[in-house]
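Here are my notebook entries from a pass through this model.

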Amino acid sequence: MLLTPEESIQIQNKIGADIIMALDDVVRTTITGPRIEEAMYRTLRWIDRCIAAHKKPDVQNLFGIVQGGLDPVLRDICVRGLVERNLPGYAIGGLSGGEDKDSFWRIVAQCTAALPEDKPRYVMGIGYPLDIVVCSALGADMYDCVYPTRTARFGTALVPEGVLKLKHKAMASDERPIDPTCPCMVCKNYTRAYIHCLVTKDAMGSQLLSYHNLSYMMRLSKDLHTSIVEGRFPEFVRSFLRAQFPKGDVPEWVCNAMEVAGIDISACCAPFPSSMNDFAEEFAA
C-alpha cells in the first residue's frame with residue numbers, strides 16, 4: 001500500500017478531526033546508523049508536502065512530529081525545522097520502541113525544552129501512568145496509548161498503587177472493589193472476586209476492566225491538570241510517587257528526570273549521582 005503525505009492529509013481532512021498528524025517516517029529507537037538520519041530528513045521534507053495539501057487549516061490543527069531516534073543532534077535539527085514552520089502543535093514521535101527509560105526521558109526533556117511553550121507538546125504512544133506524570137513534569141501536554149484497554153484484556157486493573165492482576169488466584173475470594181477510592185461504575189457494583197471469575201471465562205471481564213482503567217486515566221489526567229492550574233504540581237508528583245513506591249524504591253530514571261524538571265522528590269528516592277547534577281545544570285542553562 002502506498003500512502004503519500006498528500007493522501008494522508010486528504011483522508012484526515014475528510015475525517016474532520018480537530019488535530020491531524022503529518023505523515024512521518026518513523027523507525028524503532030533501537031535501530032542505529034544512517035537509517036535514523038534518513039527518516040528524520042524525510043520527515044522534514046514531508047511536513048512541507050502535508051502543509052501544502054492541508055485544505056482546512058482554519059478548523060483542523062496540523063501537528064508536526066519530531067523524529068531523530070536517540071540522537072540528540074538529529075532531534076535538535078528536526079525540532080528547529082518544525083518550529084520554523086510555525087505549526088499549531090508539535091508531537092514527539094519515535095519513542096516507546098524498546099529504548100531504555102533513561103534515554104526515553106532525556107529525549108522528551110530535550111524536545112520539550114526546545115519546542116514553543118505556547119503550543120501543545122504531544123508525546124506519542126505514551127500510556128503508563130508513571131510515564132505520563134514524568135513527561136508532564138518535563139513539559140509535555142498530551143499523550144495517547146492503547147495501554148489502559150490492552151492491559152485490561154489481560155486481566156489487569158490500574159490502581160493508585162500500580163496494577164492489580166485480577167487473574168491471580170488470590171482474587172477469587174476477595175470481596176473488595178478493585179479500588180475502594182474509585183467512584184467508577186465498576187468499583188461501585190462489582191467485587192474483585194466477581195471480576196476474577198469473569199476475566200478467566202468471559203469477555204465481559206475485559207470490558208469492565210477497560211471501563212475502570214479508562215476511568216482511572218481520566219481521573220489521573222484531571223487531577224494532574226488541576227494540580228498544575230492550582231500551582232501544586234510538585235505536591236501531586238510526590239503524592240503519586242509515594243502511592244506507587246511506598247518503600248521509596250523510585251526508579252533512578254524517574255529521580256533523574258525530576259531533578260531536571262526541578263521537582264524535589266528527595267523524600268521519595270535515593271540521592272542523585274554527581275553526573276546527573278551536571279546534566280540537570282546543562283538543561284537549566
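**Entry 1: strands**

I began with strand pairing, where Ile20 has Leu62 in β2 as its bridge partner. The model is a predicted one: I looked at local features only at pLDDT of at least 70 and at side-chain atom pairs only at pLDDT 80 or more, while totals for chains, interfaces and linings use all residues. Residues are numbered from 1 along each chain as its sequence is written, and side-chain values use heavy atoms, with hydrogens and water left out.

I took helices (H or I, at least four residues) and strands (E, at least two) as DSSP runs, numbered from the N terminus. Strands count as paired if DSSP finds at least two bridges between them. Strand β1 (residues 19–21) runs parallel to β2 over three bridges. On to β3: its pairing with β2 is also parallel, over four bridges, and there Val66 has Ile92 as its bridge partner.

How many residues of β2 are buried? I found five of the six in residues 61–66, so the strand is largely enclosed by the rest of the structure. My scale is buried under 20% relative accessible area, exposed over 50%, and partly exposed in between (1.4 Å probe, protein chains only).

**Entry 2: salt bridges**

I counted a salt bridge when a side-chain nitrogen of Lys or Arg is within 4 Å of a carboxyl oxygen of Asp or Glu. That rule gives 14 salt bridges.

Arg35 and Asp25 form one at 2.9 Å, N to O. Arg35 sits in helix α2 (residues 34–53) and Asp25 in the loop between β1 and α2, 10 residues apart. Arg35 is partly exposed at 29%, whereas Asp25 is buried at 9%. I also noted that Asp25, Arg35, Glu38 and Arg42 are linked in a salt-bridge network.

Next I looked at Asp48 and Arg85, which meet at 2.8 Å, N to O. Asp48 belongs to helix α2 and Arg85 to the loop between α3 and β3, so the pair ties together parts 37 residues apart in sequence. Asp48 is partly exposed at 37%, and Arg85 is partly exposed at 26%.

Are Arg192 and Asp174 buried or exposed? Both are buried: Arg192 has 8% relative accessibility and Asp174 has 10%. Their side chains meet in a salt bridge at 3.2 Å, N to O.

**Entry 3: a positive phi**

Most residues other than glycine have a negative phi. I noted Asn86, with a positive phi near 55°. Asn86 lies in the loop between α3 (72–84) and β3 (89–92), and is exposed at 57% relative accessibility.

**Entry 4: surface patch and record**

Met1, Leu3, Ile11 and Ile15 make a nonpolar surface patch of about 490 Å². For patches I used residues with over 30% relative accessible area and no salt bridge, joining like charges within 9 Å and nonpolar side chains (Val, Leu, Ile, Met, Phe, Trp, Tyr) within 5 Å. Areas come from the Shrake-Rupley method with a 1.4 Å probe, and for residues only the protein chains shown count as cover. Leu3 precedes α1 (5–15) and is partly exposed at 33%.

Last, I checked UniProt, where an unreviewed entry places the feature "domain: tRNA-guanine(15) transglycosylase-like" at residues 2–244. UniProt positions follow the numbering used here, feature names are shortened, and annotations may be inferred rather than shown by experiment. In the model, the end C-alpha atoms of that span lie 45 Å apart, and the span is 52% helix and 11% strand.
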